[in-house]
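I opened this entry to get my bearings in a structure that is new to me. My notes follow in the order I looked things up.

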Amino acid sequence: MRALVTRAWPKGTQDRLAQVCEATFRDPDTAMTETEWMEAATRYDVILPTVSDSIPAGFYDAAKGKVRLLANYGVGYNHIDVAAAEAAGITVTNTPGVLTDCTADLAMGLLLAAARRLGEGERELRAGRWDGWRPTHLIGHKVAGATLGIIGFGRIGQAMAQRAHHGFGMKVVFQNRSRVAPELAAQYGATQLASVAEVAEVSDFLSLHCPGGADTRHLISTDIFAAMKPGAILINTARGDVVDEDALFAALNTGHLGGAGLDVYQGEPKLDPRFLKHENLVLAPHLGSATGGTRAAMGHRAIDNLEAFLKGDTPPDKIV
Ligand code: DGY
């Protein structure tokens, strides 16, 4: 059983994987090229890709009959064409659950940083431009008691609600594709509304926690920015393409959008230069799950899926 790991993993998880199968740990730690993907399609039984991999459309056909499992290191799998994988007889798994807290922590951190203008303050201080305390200096938005709108009330959306409601006394409203049991929502003092626009209309902060992919592409569009309260702040730790970036910049240019805290970008890691022009953006480089324990847990979860697959069991996190 030959397995390919596309990017460097935490050492302990690489060591465990090496015990489980004949693993190739690709070096250098860069995104695989199209040529490498097409070669891998005929060489490996298992590929363990991750969320920053770009898998060429031709891979799935080429991999048919050879690659049996794509065990993704990461919860999001919008970079995998799940239908094409299924058609080629390739099982796909992901790593849910283990990065919930850290992603919600980062979303809350971005919310606080954007609300209280921490990025602007730090840049001012580091540049030697701080001229001391004054009553009108870098005035931000109060977080306690404000309304947080959550788009997508899965594990991470709920963890965000937990922090916001129980930690910061925020009111929480949310939109979710399916109906959430009122008893569950009540645990976070949260109310489900019918649409993204309705959530946007009443929220001081709007935080995105839905999956990426075709169904949510540009969900946050010109209409939604227009529906947001003047001065409201957007937080995105989900996927870059959930937000229409042209609409985001238009809303920033008019001043209708008060700011944003962003961890993910369309076409990342290439960053639209317009991001750097807006002081009221707090920009992180896709750090949601970036803690030692969580990154190790993600690797172990991917290996758990692989081991179950090798035993002939249904992997715990099987998508198709
Ligand atoms: C994931 O697993 O989908 C995250 O984006 C990685 O932090």
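I started with leucine 271, which sits in the loop between β11 (259–262) and β12 (281–283). I am working from a predicted model. Leucine 271 has a relative accessible area of 34%, so I logged it as partly exposed. I then found that Leu271, Leu276 and Leu283 make a nonpolar surface patch of about 260 Å².

I stayed in that loop for proline 269, which also lies between β11 and β12. The bond joining glutamate 268 to proline 269 is cis, with omega about 10°. I noted another cis peptide bond, from aspartate 27 to proline 28, with omega near 20°. Proline 28 is in the loop between β2 (22–25) and α2 (34–43).

Next I turned to the ligand. Which residues surround it? I listed Val51, Gly74, Val75, Gly76, Leu99, Arg239, His286, Ser289 and Met298. By class I count 4 nonpolar, 4 polar and 1 charged residues in this shell. A polar backbone atom of valine 75 is 2.7 Å from a ligand oxygen. For serine 289, a side-chain N or O atom is 2.7 Å from an oxygen of the ligand. Histidine 286 places a polar side-chain atom 2.8 Å from a ligand oxygen. The ligand taken alone exposes 240 Å², and the protein buries 92% of that.

I looked at histidine 286 again for its backbone. Its phi is positive, about 45°, although histidine 286 is not a glycine. Histidine 286 lies in the loop between β12 and α12 (292–311). At 25% relative accessibility, histidine 286 counts as partly exposed.

Technical notes:
Residues numbered from 1 in each chain as written. Predicted model: local features only at pLDDT ≥ 70, side-chain atom pairs only at ≥ 80, totals over all residues. Heavy atoms only, no water. Patch = residues over 30% accessible without salt bridge, like charges linked within 9 Å, V, L, I, M, F, W, Y side chains within 5 Å. Areas by Shrake-Rupley, 256 points an atom, 1.4 Å probe, with all protein chains shown as cover. Salt bridge = Lys/Arg side-chain N within 4 Å of Asp/Glu carboxyl O. Helix = DSSP H or I, 4+ residues; strand = E, 2+ residues; numbered from the N terminus. Buried < 20%, exposed > 50% of the residue type's maximum accessible area, 1.4 Å probe, protein only. Near = heavy atom within 4 Å. Polar contact = N/O pair within 3.5 Å; in protein donor to acceptor, adjacent residues only side chain to side chain. Nonpolar A, V, L, I, M, F, W, Y, C, P; charged D, E, K, R; others polar.
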